[in-house]
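Subject: Structure handover

Hello,

Here is the structure for you to look over. My notes on it follow below.

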Amino acid sequence: MKAFKVLAGLALVAGSFAAQAASTVLDTGILRMGVADNGGLGALGVGLSGPTGDAITPGCLCEGWGAAASGVSGYVYGLGGTGVSSALTTTTVASGAGLSAQSVVMLSNGLQVTHKYSYAAGGSLFKVEVVLTNTTAGSLSDVRYARTLDWDVTPGYYDLNYTTVYGGTPTGPGGKVLHTSTNPFAVPNPMVFRSQEANVNVVNTGGDKGGYFVFGFGALAAGESTTFDTFIGASRTVAGLKAALGSVGVEAYSYTTGNSIVDGEYTPAYGYGFAGLGLPPSLGVPEPGSLALLGIAAIGAGLIGRRRRA
């Protein structure tokens, strides 16, 4: 009987670490993010929930990604997909510092797009490693990836939100960043650029806006892959979000704030940034005080987690 109980217990433990195939809600202890099979956000009613609640689901679900090759695009927008042949998300660990999940999407243009999710910056960010793979027997030219995101940040959502976009250089897009805009309200077709505040860096531009980025990776030979990183998160302050993004070396980024003002800055801040685009880090090394705040937030989240388990 004892042996049976031990084996049953081991089976339960093993089961808790087994990968589960389904839409999922990931939890760093500070942030929660709902991920659908196709890598879209907003699954199970959760977009990205941070210091003042969810900043994706309150308005339209104008969020998604797209990938193009040889002039043919496939994309996910508002949880729906176009040019998607198959999609599957598997979650190994859904919460804490060891969280691990991935979405694998096969597009009809021959690209496999994998998003790998993990914990970053003390739980103030989710890291999303993006892998684009040519699954065809020939070369694919002009491989691109697009990301669009409309933030609806409380307080102030949506007309009293303020958006900042940095394209990677002081004058706008550079490196593998082909295009930026503050218009998130269209399907993320990487072959299509947008006219609103196009290819310029903007700071605290007001209204119902967001970020749209298009990246270019050139040609991929048969079986070849290219990789870059996305980081998405939130903070009660712009300084806190910038410190988190700076700690992971982002090169281009966008964030949207509410309309509260603390120490001369609009708050809170929700945003995302990118690394691996052939550019230097854009936010430098965070000041020690900012890093300390990240550490305190992580410790606080850990204490909350321990209390819940108790």
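A cavity here is a set of points, on a 1 Å grid over the protein atoms alone, where a 1.4 Å probe fits but cannot get out. Grid points are joined across faces, edges and corners, and a volume is the space filled by probe spheres set on the points. This is a predicted model: local features need pLDDT of at least 70, side-chain atom pairs count only at pLDDT 80 or more, and totals for chains, interfaces and linings use all residues. Residues are numbered from 1 along each chain as its sequence is written, and side-chain values use heavy atoms, with hydrogens and water left out.

**Cavity**

The search of the whole structure turns up 1 cavity of 30 Å³ or more. The largest cavity holds about 110 Å³ of space. Its lining (residues with an atom within 4 Å of a point) has 13 residues. Leu41, Tyr117, Val128, Arg147 and Thr230 lie nearest the centre. Two or more lining residues come from each of β11 (111–120), β12 (125–134), β13 (144–150) and β20 (225–235). Strands (E, at least two residues) and helices (H or I, at least four) are DSSP runs, numbered from the N terminus. By class, the lining has 9 nonpolar, 3 polar and 1 charged residues. Nonpolar covers Ala, Val, Leu, Ile, Met, Phe, Trp, Tyr, Cys and Pro; charged covers Asp, Glu, Lys and Arg; the others, Gly among them, are polar.

**Sheet**

Strands pair if DSSP finds at least two bridges between them. An open sheet of 10 strands runs β1-β9-β10-β11-β12-β20-β22-β21-β14-β18, with antiparallel pairing. β1 (20–21) and β18 (202–206) are at the edges with a single partner strand each, so one side of each has no neighbour in the sheet. Helix α2 (residues 238–247) packs on the sheet and touches β12, β20, β21 (252–262) and β22 (265–275). Contact means heavy atoms within 4.5 Å. The direction of α2 makes about 15° with that of β22; axes are lines fitted to C-alpha atoms, for helices over the stretch in contact, and angles run from 0 to 180 degrees between N-to-C directions.

**Around β11**

Antiparallel β10 (residues 100–107) and β11 share 6 bridges. Serine 103 has histidine 115 as its bridge partner. β11 and β12 are joined by 10 bridges. Tyrosine 117 pairs with valine 128 there.

Regards

Methods:
1 Å grid on protein atoms, 1.4 Å probe; cavity = no way out; pocket = protein on both sides within 12 Å on 5 of 7 lines; lining within 4 Å.
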